[in-house]
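Here are my notes on this model, as numbered points. Keep the structure open beside them as you read.

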Amino acid sequence: MVINLLKKVNIFVAMQHRGEIVERAIRKSGYPISQIARKMGRSRRWMYLMFDNSQVDLESIIMIGRIIHHDFSDEIKELSVVNPDSFSEPESKYTKQNK
């Protein structure tokens, strides 16, 4: 019985849907999807397509986490071994330039 339960847990962990995890965190944060997309240099459509993607790339997840101030390392096991400082901050095309 315990072995069967462990198998089910391992299957669940292996089948993490990163897009759904990210979507839940974004919606919980209250941060507008359009603003996140803008800061990432992406479209709102890209964001919604990402929510449907079970294997969202880790760099995008880390960038979103920085924007919404959320640490995904507890929910996405692969992030517990990645150094988030190895990724750069998203560049914003929408900042005012000094003249």
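1. Start with Arg18. Its relative accessible area is 10%. The cut-off for buried is under 20%, so Arg18 counts as buried. Keep in mind that this is a predicted model.

2. What does Arg18 pair with in a salt bridge? The partner is Glu78. Their closest N and O atoms are 3.5 Å apart. Glu78 has 26% relative accessibility, so Glu78 counts as partly exposed. Arg18, by contrast, is buried.

3. Now place the two on the chain. Arg18 belongs to helix 2, residues 18-29. Glu78 sits in the segment after helix 5 (58-68). They are 60 residues apart, and the pair links distant parts of the chain. In general, side chains of opposite charge can pair when their charged atoms come close.

4. How many salt bridges does the structure hold? There are two. The other one to look at joins Arg27 and Glu23, with the closest N and O atoms 3.1 Å apart. Both residues lie in helix 2. They are four residues apart, which is about one turn of the helix. Arg27 is partly exposed, with a relative accessible area of 47%. Glu23 is also partly exposed, at 23%.

5. Stay in helix 2 and find Ile21. Is Ile21 buried or exposed? Its relative accessibility is 8%, so Ile21 counts as buried. Leave out residues up to four places away in sequence, and Ile21 touches Gln16, Phe72, Glu75 and Ile76. Check Ser54 too: Ile21 and Ser54 are 33 residues apart along the chain, and their C-alpha atoms are separated by 9.1 Å.

6. Helix 2 brings Arg18, Val22, Ala25, Ile26 and Ser29 to the contact. Helix 5 brings Leu58, Ile61, Ile64 and Ile68. By class, the contact has seven nonpolar, one polar and one charged residues.

7. Which helix does helix 3 cross at roughly 105°? Helix 4. Helix 3 covers residues 33-40, and helix 4 covers residues 44-51. Their axes come within 8 Å. The range for roughly perpendicular is 65 to 115 degrees, so helix 3 is roughly perpendicular to helix 4.

8. Look at the residues in that contact. From helix 3 come Ile33, Ser34, Ile36, Ala37 and Met40. From helix 4 come Arg44, Trp46, Met47, Tyr48 and Phe51. The classes are eight nonpolar, one polar and one charged.

9. Step back to the whole chain. The protein chain has five helices and zero strands. From the N terminus on, the order is α-α-α-α-α. Take the contacts with a separation of 6 or more: 59% of them come from residues 24 or more positions apart.

10. Finish with the surface. The protein chain has 99 residues, and 28% of them count as buried. Arg18 and Ile21 are examples of buried residues. The accessible surface comes to about 7,400 Å². Carbon and sulfur atoms account for 52% of that surface.

Note on methods
Residues are numbered from 1 along each chain as its sequence is written. This is a predicted model: local features need pLDDT of at least 70, side-chain atom pairs count only at pLDDT 80 or more; totals for chains, interfaces and linings use all residues. Side-chain values use heavy atoms; hydrogens and water are left out. Helices (H or I, at least four residues) and strands (E, at least two) are DSSP runs, numbered from the N terminus. Buried means under 20% relative accessible area, exposed over 50%, partly exposed in between (1.4 Å probe, protein chains only). Contact means heavy atoms within 4.5 Å. Accessible areas come from the Shrake-Rupley method with a 1.4 Å probe; for residues, only the protein chains shown count as cover. Axes are lines fitted to C-alpha atoms, for helices over the stretch in contact, and angles run from 0 to 180 degrees between N-to-C directions. Angles under 35 degrees count as roughly parallel, over 145 as roughly antiparallel, 65 to 115 as roughly perpendicular and the rest as oblique. Ala, Val, Leu, Ile, Met, Phe, Trp, Tyr, Cys and Pro count as nonpolar, Asp, Glu, Lys and Arg as charged, and the others, Gly among them, as polar. A salt bridge is a side-chain nitrogen of Lys or Arg within 4 Å of a carboxyl oxygen of Asp or Glu.
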